[in-house]
Amino acid sequence: KHQENRLEKKGNINSNAEKMVFETGLEWIILDNEESGIFKPNAYETITGNGDWTIGMGLSLKDKTVIEQLKNKGYSIDKLISGEEQIKYDDSKEIFNLKITEAQKVAIQKMSNLGVDVSGEKNSLLLMALVDMQFQGAYLGPAFTQALSNYIKTGDEKYLGTFSSYTKDGVAL
């Protein structure tokens with residue numbers, strides 16, 4: 001509850017002085033992690049420098065869903081990358097929310113496949129973290145989800161590890 005109150009009080013103004021309004025704390029957390037809380041109307045290449053372009057609220061221009069949605073809204077991916085076009089805030093937010101919903105479904109399903117229900121109020125903060133991991137580029141891999149599942153089912157801290165790599169059976173290296 002404290003985290004939710006802190007998120008509700010947080011404000012964010014983008015370069016066009018538009019107030020960014022979000023319905024959930026999950027949106028704030030992901031935007032903070034993805035774009036430091038700032039809407040970016042111009043596409044930019046990520047620091048990897050391997051042609052991974054991002055725009056708006058952390059939308060990857062390599063993602064099939066993002067590309068499809070942008071094209072449906074009349075954008076040209078090439079023009080966004082070249083700077084000839086900018087994404088509108090409302091379009092970015094709509095696609096961002098679609099990607100969050102997609103990431104949430106994937107996160108819930110991955111854990112459900114391992115016999116763990118992460119939905120509901122009791123697990124809301126855990127689900128936020130899992131959705132963020134999935135949104136960030138599918139960092140919610142099978143070794144991590146197995147380790148998390150094992151911990152949730154047993155309470156044995158050996159599955160928590162030291163935030164390092166995990167083996168296929170979910171034990172921390």
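User: Hi! Which residues in helix 5 are buried?
Analyst: Hi! In helix 5, the buried residues are Tyr 89, Asp 91, Ser 92, Lys 93, Ile 95, Phe 96, Lys 99, Ile 100, Ala 103, Ala 107 and Met 111. Buried means under 20% relative accessible area, exposed means over 50%, and partly exposed is in between (1.4 Å probe, protein chains only). Helices (H or I, at least four residues) and strands (E, at least two) are DSSP runs, numbered from the N terminus.

User: Thanks! Where do these coordinates and numbers come from?
Analyst: This is a predicted model, where local features need pLDDT of at least 70 and side-chain atom pairs count only at pLDDT 80 or more, while totals for chains, interfaces and linings use all residues. Residues are numbered from 1 along each chain as its sequence is written, and side-chain values use heavy atoms, with hydrogens and water left out.

User: How many helices and strands are there in the protein?
Analyst: There are seven helices and three strands. From the N terminus, the order is α-α-β-β-β-α-α-α-α-α. Buried residues account for 38% of the 173 residues.

User: Back to helix 5. What should its 24 residues span?
Analyst: They should span 34 Å at 1.5 Å a residue, and the end C-alpha atoms are 34 Å apart, which agrees. The expected span is 1.5 Å times one less than the number of residues.

User: Leu 127 makes me curious about helix 6. Which of its residues are buried?
Analyst: Leu 127, Met 128, Leu 130, Val 131, Asp 132, Gln 134 and Phe 135 are the buried residues of helix 6. Just after this helix, Gly 137 takes a positive phi of about 125°.

User: What does Leu 130 contact, leaving aside neighbours within four places in sequence?
Analyst: Leu 130 is in contact with Ala 107, Met 111, Val 118, Leu 140, Phe 144 and Leu 148. Contact means heavy atoms within 4.5 Å.

User: Which residues touch the most other members of the largest nonpolar core?
Analyst: Ile 55, Leu 59, Leu 61, Leu 70, Ile 87 and Leu 130 do, out of 27 residues in that core. Helix 3 (64-72), helix 4 (77-82), helix 5 (89-112) and helix 6 each give two or more residues, and the largest share, seven residues, comes from helix 5. A nonpolar core is a set of buried Ala, Val, Leu, Ile, Met, Phe, Trp, Tyr and Cys residues joined through side-chain atoms within 4.5 Å.

User: How do helix 6 and helix 7 pack?
Analyst: Helix 6 and helix 7 (residues 142-154) pack at about 170°, with axes 13 Å apart. They are therefore roughly antiparallel. Leu 126, Leu 130 and Met 133 in helix 6 meet Phe 144, Leu 148 and Ile 152 in helix 7.

User: Last one: where is Glu 84 found?
Analyst: Glu 84 sits in the loop between helix 4 and helix 5. Glu 84 is exposed, with a relative accessible area of 60%.

Note on methods. Axes are lines fitted to C-alpha atoms, for helices over the stretch in contact, and angles run from 0 to 180 degrees between N-to-C directions. Angles under 35 degrees count as roughly parallel, over 145 as roughly antiparallel, 65 to 115 as roughly perpendicular and the rest as oblique.
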